[in-house]
Amino acid sequence: MAARHFLTLNDMTTTELESLVDHASALRNEWRQGKVRDSLKNRVLAMIFEKSSTRTRVSFEAGMAQLGGSAMFLSPRDTQLGRGEPIEDSAIVISSMVDAVMIRTFAHETVERFAAASRVPVINALTDDFHPCQLLADMQTYREHRGSIRGATVAWIGDGNNMCHSYINAAAQFDFNLNIACPEGYEPAEALLKDHGDRVKVVRDPAEAARNAQLLVTDVWASMGQEDEQKAREKAFSGYQINPELLALADKDALFMHCLPAHRGEEISADMMEHPASVVWDEAENRLHAQKALLEFLILNRLD
Ligand code: CP
Ligand code: NVA
């Protein structure tokens, strides 16, 4: 049987995604009670990082260890990947020795090529185009705090980047409406917008996007790989900040999320992280639980 991969949210059905999010919450509860679970005993995850990470690396590595397995950190600096060994050759070799591979890289095509040559599941841990693992944690966090997100309105304030793209996929999979407020020239990919025009709206005014929304989300103005654009982006995005004034326009029970790392004073005001509406720390911790559920699903084909 061909391996199941997780390169975007579209690699799973809505039913699978909802079961996975529920299972993630169950794993969190078990873990908090100190229960030992060794579902991935003797299993190995290879983690290829071509970009920096705190949450993704710690959550995957800790998650494998907590399930009785282990994880191996591979950087292009110390592997032949950084010296030009073809992606397909690397995929054949690495996937002949481990049970799953997680990749964080630049071009989305890299994870697609790796997956096509891999005999074990491949997980996209962020590309320039998508960050689906973060959405599992975000959807789990919303559900834990507010119940089903079905029919809700989510406001994305800021860059039409990899996170925004995954929010567009999530809107379709989890059945919510998405208002995106971004400056001209920083819209999400047109093809994605075209596919989801019924539920995704792009506006210029953050207030218009935020009004009556149940969830406000943002991300850095300059993503990894865009460091040279920092100054230009600061100019383009000034005014695209989530702060208590913007939040006051949203639903009274609205939540605030950010995948982190955050830049206080840029995409959020200094007080947002500790605002009563903020669930950013639960969101970060849920990376661990959601990915443990994902690893069990992909490696063992189980969601309970
Ligand atoms: N949110 C997220 O993916 O964080 P890291 O870059 O620290 O992994
Ligand atoms: N959009 C950000 C997300 C970081 C988790 C980036 O790609 O750098």
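**Legends to the close-up views**

Leu126 counts as buried, with 28 C-beta neighbours inside 10 Å; a residue is buried if 20 or more other C-beta atoms lie within 10 Å of its own, exposed if 12 or fewer, and partly exposed in between, with C-beta atoms placed from the backbone. The model is a predicted one, in which local features need pLDDT of at least 70, side-chain atom pairs count only at pLDDT 80 or more, and totals for chains, interfaces and linings use all residues. Residues are numbered from 1 along each chain as its sequence is written, while chains are lettered from A and ligands numbered from 1 in the order in which they are written. Leu126 sits in the loop between strand 4 (122–124) and helix 5 (132–146); helices (H or I, at least four residues) and strands (E, at least two) are DSSP runs, numbered from the N terminus. Although Leu126 is not a glycine, its phi is positive, at about 120°. Most residues other than glycine have a negative phi, and most peptide bonds are trans.

**Confidence of the model.** For the protein chain, the mean pLDDT is 98, and 100% of the residues reach 70 or more; pLDDT is the predictor's confidence in each residue, from 0 to 100. The complex receives from the predictor an ipTM of 0.99 and a pTM of 0.98.

**The contact between domain 1 and domain 2.** Domain 1 (9–130 + 284–300) and domain 2 (134–283) divide the protein chain, with bounds that come from an automatic or database domain assignment. Their C-alpha centres are 25 Å apart. To the contact, domain 1 gives 24 residues and domain 2 gives 22 residues; two residues are in contact if their C-beta atoms, placed from the backbone, lie within 7 Å. On the side of domain 1 that touches domain 2, helix 1 (14–32) and helix 11 (280–300) are the elements that give two or more residues. Helix 11 supplies the largest share of that side, seven residues. By class, the residues of the side of domain 1 that touches domain 2 are 11 nonpolar, seven polar and six charged; Ala, Val, Leu, Ile, Met, Phe, Trp, Tyr, Cys and Pro count as nonpolar, Asp, Glu, Lys and Arg as charged, and the others, Gly among them, as polar.

**The shell around ligand 1.** Ser53, Thr54, Arg55, Thr56, Leu126, Gln134, Cys259 and Leu260 are the residues around ligand 1; a residue is near a molecule or strand if its C-beta atom, placed from the backbone, lies within 6 Å of it. At least three residues of this shell come from each of domain 1 and domain 2. The shell around ligand 1 comprises three nonpolar, four polar and one charged residues.

**The shell around ligand 2.** Around ligand 2 stand Leu126, Asn161, Asn162, Met163, Asp219, Val220, Ser223, Met224 and Cys259. Five of these residues are nonpolar, three polar and one charged.

Asn162 lies in helix 6 (residues 162–174) and is buried, with 23 other C-beta atoms within 10 Å. Not counting residues up to four places away in sequence, Asn162 touches Leu126, Thr127, Asp128, Asp129, Phe130, His131 and Ser223. Ser223 belongs to the loop between strand 8 (215–218) and helix 9 (230–237). Ser223 counts as partly exposed, with 18 C-beta neighbours inside 10 Å.

**The loop between strand 9 (255–258) and helix 11, with Leu260, Pro261 and Glu267.** Leu260 and Pro261 are joined by a cis peptide bond with omega of about 5°. Leu260 is not a glycine, yet has a positive phi of about 70°. Leu260 is partly exposed, with 16 other C-beta atoms within 10 Å, whereas Glu267 counts as buried, with 22 C-beta neighbours inside 10 Å. Beyond its neighbours within four places in sequence, Glu267 is in contact with Gly158, Thr218, Asp219, Val220, Trp221, Tyr240, Gln241, Ile242 and Ala262.
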